[in-house]
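Take a walk through this protein, one region at a time. Keep the sequence and the 3D view side by side.

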Amino acid sequence: MTENGDALDADLRVPSCERCPALVESRSRIVDGVGRADADLLFVGEGPGATEDERGEPFVGRSGDVLDDALRDAGLARSDVRITNCVRCRPPDNRDPTTEELANCRGHLESEIDRLDPELIVTLGKVPSEHLLDRSVAITSESGDVVDARIGGAARRVLLSVHPAATLYDRSQRDGFFETIASASELSGAGGVTDGDGQSRLGDY
């Protein structure tokens, strides 16, 4: 893990990596995280899709539009947060990353989290939720839950969320997703939303 994590440069980017032959073959580039390097709020997705691979940025396709809309409704801009993925290279045919591929990229993710030191991590979908919590996750029913997890040896607060793409296939998921992102804004302090006592309303979620 250490040698993998140490590969991040000063901008939290991976200059080169060839640990996963199938991903090296399918990618056109490494898709690193984007956003502030001191963000209080970090979103973690599964991996790049075709649009992300083409443009070199996470969540820029249709699901990215949903995330941007939810951020805007929560009083945030994409530039206020950081967005990254469990794996930084597009899996062939947009399949889920394998356990080995997730493990190969884990050091990069842990190093990014460690250097960012966010107030809150939001997992977007089942794969990143299970990867970071190291357990099975029923993401539809657990979305909106805040849990404590040890990631890279440090205690982290994690908010589980469905993937924004879920709202495209099931419109009934949309309100819940937007509420979860609003909760993320409040819990992290990134949106500056507090109650009358100046305290974030963690208990409400």
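What covers the buried residues of H6? The cover includes strand E2 (41–45), H5, strand E4 (120–124), helix H7 (139–142), strand E5 (146–151) and strand E6 (154–161). The buried residues themselves are Val127, Pro128, Ser129, His131, Leu132 and Leu133. That is 6 of the 8 residues of H6, so the helix is largely enclosed by the rest of the structure. Just after H6 comes Asp134, which takes a positive phi of about 60°.

Before going further, a word on confidence. This is a predicted model. Its pLDDT averages 90 over the chain, and 90% of the residues score at least 70. Two stretches call for a separate look. Over residues 1–5, pLDDT stays under 50, and the model has 13 contacts for them beyond four places in sequence. Residues 193–205 also have pLDDT below 50; this stretch has 16 contacts in the model beyond near neighbours in sequence.

Now go to strand E6, part of the cover over H6. Val158 sits in this strand. Is Val158 buried or exposed? Val158 counts as buried because its relative accessibility is 0%, and the cut-off for buried is under 20%. Beyond four places in sequence, Val158 is in contact with Leu120, Ile121, Thr123, Leu133, Asp145, Val146, Val147, Ala149 and Ile151. One of these, Leu133, is among the buried residues of H6. Val158 and Glu110 are 48 residues apart in sequence, and their C-alpha atoms are 14 Å apart in space.

H5 is another part of the cover over H6. Find Glu112 in this helix, which spans residues 99–116. The relative accessible area of Glu112 is 0%, so this charged residue is buried. Which side chain does Glu112 meet in a polar contact? The partner is Arg82, and the contact is 2.6 Å.

Rolling a probe the size of a water molecule over the atoms shows where empty space is left. Here the count comes to 1 cavity of 30 Å³ or more. H5 gives the most, with 3 residues. By class, the cavity lining has 9 nonpolar, 2 polar and 4 charged residues.

Stay with helix H2 and pick out Ala22. Ala22 counts as partly exposed because its relative accessibility is 32%, which falls between the 20% and 50% cut-offs. Not counting residues up to four places away in sequence, Ala22 touches Pro92, Arg95 and Glu101. Arg36 is 14 residues from Ala22 along the chain, and the two C-alpha atoms are separated by 30 Å.

Next come the pockets. The largest has a volume of about 580 Å³. Which residues lie nearest its centre? They are Gly47, Gly49, Ser63, His163 and Ala165, out of a lining of 28 residues. Helix H3 (50–55), helix H4 (62–73), helix H6 (126–133) and helix H8 (166–169) each supply at least two residues of this lining. The lining divides into 13 nonpolar, 9 polar and 6 charged residues.

The second largest pocket holds about 200 Å³ of space. Asp96, Pro97, Thr99, Leu102, Arg106, Val127, Glu130, His131, Asp134 and Arg135 line this pocket. H5 and H6 are the elements that give two or more residues to the lining. By class, the residues are 3 nonpolar, 2 polar and 5 charged. Asp134, with its positive phi just after H6, is one of the lining residues. Val127 and His131 are also in this lining, and both belong to the buried residues of H6.

How values were computed:
Residues are numbered from 1 along each chain as its sequence is written. This is a predicted model: local features need pLDDT of at least 70, side-chain atom pairs count only at pLDDT 80 or more; totals for chains, interfaces and linings use all residues. Side-chain values use heavy atoms; hydrogens and water are left out. Helices (H or I, at least four residues) and strands (E, at least two) are DSSP runs, numbered from the N terminus. Buried means under 20% relative accessible area, exposed over 50%, partly exposed in between (1.4 Å probe, protein chains only). A polar contact is a pair of N or O atoms within 3.5 Å; within protein, one must be able to donate a hydrogen and the other to accept it, and residues adjacent in sequence count only if both atoms are side-chain atoms. On a 1 Å grid over the protein atoms alone, a cavity is a set of points where a 1.4 Å probe fits but cannot get out, and a pocket is an open set with protein on both sides within 12 Å along at least five of seven lines; lining residues have an atom within 4 Å of a point. Grid points are joined across faces, edges and corners, and a volume is the space filled by probe spheres set on the points. Contact means heavy atoms within 4.5 Å. pLDDT is the predictor's confidence in each residue, from 0 to 100.
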